[in-house]
Amino acid sequence: MPEARVKALFTDIGGVILTNGWDSGGRKRAAAQFNLDLAEMDQRHHLTFDTYEIGKLSLDVYLDRIVFYEPRSFSRDDF
């Protein structure tokens, strides 16, 4: 019998199998809970997320650019 060859490789892009990860719904809930400007948060996310997703930014730097670019009344741990 010939050896089977791999024809496809599936990866979990969202970080958790069968979820959307940090999708627009998650960002919307976070913006509401922490009283953030959703439009600004989404704009910052779209400018930064691809770089984070390929591993060229740490989560801390991503959050600095998306949420903590100005003083907040909540901590990173709260967020």
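Let's start where two helices touch. Met41, Arg44, His45, Thr48, Phe49 and Tyr52 in α2 meet Leu59, Tyr62, Arg65 and Ile66 in α3. Sort that contact of α2 with α3 by class, and you get six nonpolar, two polar and two charged residues.

One caution before we go on. This is a predicted model.

Now the geometry of that pair. α2 and α3 pack at an angle of about 160°. Their axes are 9 Å apart. That angle makes α2 roughly antiparallel to α3, because angles over 145 degrees count that way. The crossing of α2 and α3 is right-handed.

Let me step back to the whole chain. How many helices and strands does the protein have? Three helices, and zero strands. Read along the sequence, the pattern is α-α-α. The protein has 79 residues, and buried ones make up 23% of them. Take the contacts between residues at least 6 apart in sequence: 29% of these join residues at least 24 apart.

Next, the other helix pair. Helix α1 covers residues 24–33, and helix α2 covers residues 38–53. They pack at an angle of about 135°, with axes 10 Å apart. That makes α1 oblique to α2. The crossing of α1 and α2 is right-handed. Who makes the contact? From α1, Arg27, Lys28, Ala30 and Ala31. From α2, Leu38, Met41, Asp42, His45 and His46. By class, the contact of α1 with α2 divides into four nonpolar, two polar and three charged residues.

His45 deserves a slide of its own. His45 sits in helix α2. On the α1 side, His45 is part of the contact between α1 and α2. On the α3 side, His45 is among the α2 residues that meet α3. Is His45 buried or exposed? His45 counts as buried, because its relative accessibility is 5% and the cut-off for buried is under 20%. Which residues does His45 contact, leaving aside neighbours within four places in sequence? Trp22, Arg27, Tyr62 and Ile66.

On to the aromatic rings. The structure holds nine aromatic pairs. Take Phe34 and Phe79. Their ring centres are 5.1 Å apart and their planes stand at 50°, so this pair is tilted. Where do the two partners lie? Phe34 is in the loop between α1 and α2, and Phe79 is in the segment after α3, which spans 59–66. So the pair ties together parts that are 45 residues apart in sequence. Phe34 counts as buried, at 14% relative accessibility. Phe79 counts as partly exposed, at 24%.

A second pair is Phe49 with Tyr52. Their ring centres are 5.8 Å apart, with planes at 45°, so this pair is tilted too. Both residues lie in helix α2, three residues apart, which is about one turn of the helix. Phe49 counts as buried, with 18% relative accessibility. Tyr52 is partly exposed, with a relative accessible area of 26%. Remember the opening list: Phe49 and Tyr52 are both among the α2 residues that meet α3.

Last item, the ring cluster. Ring pairs link Trp22, Phe34, Phe68, Phe74 and Phe79 into a cluster.

Methods: Residues numbered from 1 in each chain as written. Predicted model: local features only at pLDDT ≥ 70, side-chain atom pairs only at ≥ 80, totals over all residues. Heavy atoms only, no water. Axes fitted to C-alpha atoms, helices over the stretch in contact; angles between N-to-C directions. Helix = DSSP H or I, 4+ residues; strand = E, 2+ residues; numbered from the N terminus. Parallel < 35°, antiparallel > 145°, perpendicular 65-115°, else oblique. Left-handed = near helix turned anticlockwise from the far one by under 90°. Contact = heavy atoms within 4.5 Å. Nonpolar A, V, L, I, M, F, W, Y, C, P; charged D, E, K, R; others polar. Buried < 20%, exposed > 50% of the residue type's maximum accessible area, 1.4 Å probe, protein only. Phe/Tyr/Trp six-rings, centres within 6.5 Å; stacked < 30°, edge-to-face > 60°.
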